[in-house]
Amino acid sequence: MFALILFSGSTVAFHDQLLTALQYGAIPVILSLRPALPFLGFIDWRRVVYRVPVQRLPELHFILRSFAPADILEMRRQGRFVLENYLIDKKAVVEALTAALRERIGVPGELTAAVKPNPLFGNQFTAPHLVPAKAPEEEYLGPREAPHKSPPYTHNYTSQQMYSYYWWNHFGHVAGRSLEFITNEPPFPSQFEYGEGPEWGFRPIAPPASGLTFSTALGGNRPREQTILVVILTYQRDAILAAALERLNNMPYLNKVCFEFSNNFNMFEIS
């Protein structure tokens, strides 16, 4: 559960002991405040190791016994995360060094290609029972608009500072890369759409604004979007799934339908 590490002055020996402790799933307890940890400016080692000066060695037994089980499991989990993403082999170390260097000099990383889903029914969906389904009146979203793509890669430079900590310590595989979209983008204030919002791509939902068709379903603190994602949970219910897909057929602004079936998460497109 815990691995005591004494710093004898050799950085190489210290890093070998640290790596061994992480490989065995233990929490490294470092009896020194002197040694520098790998990628110290990017990885939050406070969530992985416990450092204590050697002068407090007589108290160490009582300190470690006071750790809550939830804290122990979280530190072990975070240690495994750091090991697998940055220290597991030479390839991971080189990629982490490259990502750290890119952030130091302010150069965006390589682009990450979005995973394109495979169409389930080709270019056209045909209901299995050929029963025409009419959408309820309250679910009508208005006529279709001309295609409008969301602006990608809008955080190439700000992400190196604003979101760097979050990516390095929560999503290790994206550190140092330029993401097409990010999930932790802060939302705009709810009244922003009525002030400077239209200049930033907002469409106020209050009539007679152009975003009236979205007024019953979408909020106003997000830029203009046309894509709707539907998530369906199903298991051995083919008839219910087919009926649900019938209702979604030709739905305006529908982009993707995700459904979980037989313990596998798959994404399919419906035109």
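Student: Is Val-107 buried, partly exposed or exposed?
Tutor: Exposure is read from relative accessible area: under 20% is buried and over 50% is exposed. Val-107 has a relative accessibility of 35%, so this residue counts as partly exposed. The model is a predicted one.

Student: Where is Val-107 found?
Tutor: Val-107 sits in the loop between helix H4 (90–105) and strand E4 (118–119).

Student: Which residues make a nonpolar surface patch with Val-107?
Tutor: A patch is built from residues with over 30% relative accessible area, and nonpolar side chains are joined within 5 Å. Here Leu-101, Ile-105 and Val-107 make a nonpolar patch of about 280 Å².

Student: What does the surface of the protein chain come to as a whole?
Tutor: The protein chain exposes about 17600 Å², and 58% of that is supplied by carbon and sulfur atoms. Of its 271 residues, 35% are buried.

Student: How many aromatic pairs are there?
Tutor: Rings are paired by the distance between their centres, within 6.5 Å. The count is nine aromatic pairs. One of them joins Tyr-166 and Phe-171, at 5.6 Å centre to centre with 50° between the planes, and is classed as tilted.

Student: Are Tyr-166 and Phe-171 buried or partly exposed?
Tutor: Tyr-166 has a relative accessible area of 32% and is partly exposed. Phe-171 is partly exposed as well, at 34% relative accessibility.

Student: Which residues form an aromatic cluster?
Tutor: One cluster is formed by Phe-39, Phe-42, Phe-81, Tyr-86 and Trp-168.

Student: How many helices and strands does the protein chain have, and in what order do the elements run?
Tutor: The protein chain has seven helices and seven strands. Read from the N terminus, the order is β-α-β-β-α-α-α-β-α-α-β-α-β-β.

Student: Which strands form the open sheet?
Tutor: For a sheet, read the strand order and the sense of pairing. Three strands form an open sheet in the order E1-E2-E3, with parallel pairing. Strand E1 (2–5) and strand E3 (50–51) are at the edges with a single partner strand each, so one side of each has no neighbour in the sheet.

Student: How many bridges pair E2 and E3?
Tutor: Strand E2 (residues 27–30) pairs with E3 over two bridges, in the parallel sense. Ile-30 has Arg-51 in E3 as its bridge partner.

Student: What share of the contacts joins residues 24 or more positions apart?
Tutor: Among contacts in the protein chain with a separation of 6 or more, 63% are between residues 24 or more positions apart.

Key: Residues are numbered from 1 along each chain as its sequence is written. This is a predicted model: local features need pLDDT of at least 70, side-chain atom pairs count only at pLDDT 80 or more; totals for chains, interfaces and linings use all residues. Side-chain values use heavy atoms; hydrogens and water are left out. Helices (H or I, at least four residues) and strands (E, at least two) are DSSP runs, numbered from the N terminus. Buried means under 20% relative accessible area, exposed over 50%, partly exposed in between (1.4 Å probe, protein chains only). Contact means heavy atoms within 4.5 Å. Accessible areas come from the Shrake-Rupley method with a 1.4 Å probe; for residues, only the protein chains shown count as cover. Two strands pair if DSSP finds at least two bridges between them. Patches are made of residues with over 30% relative accessible area and no salt bridge: like charges are joined within 9 Å, nonpolar side chains (Val, Leu, Ile, Met, Phe, Trp, Tyr) within 5 Å. A salt bridge is a side-chain nitrogen of Lys or Arg within 4 Å of a carboxyl oxygen of Asp or Glu. Rings of Phe, Tyr and Trp (its six-membered ring) pair if their centres lie within 6.5 Å; planes under 30 degrees apart count as stacked, over 60 as edge-to-face and the rest as tilted.
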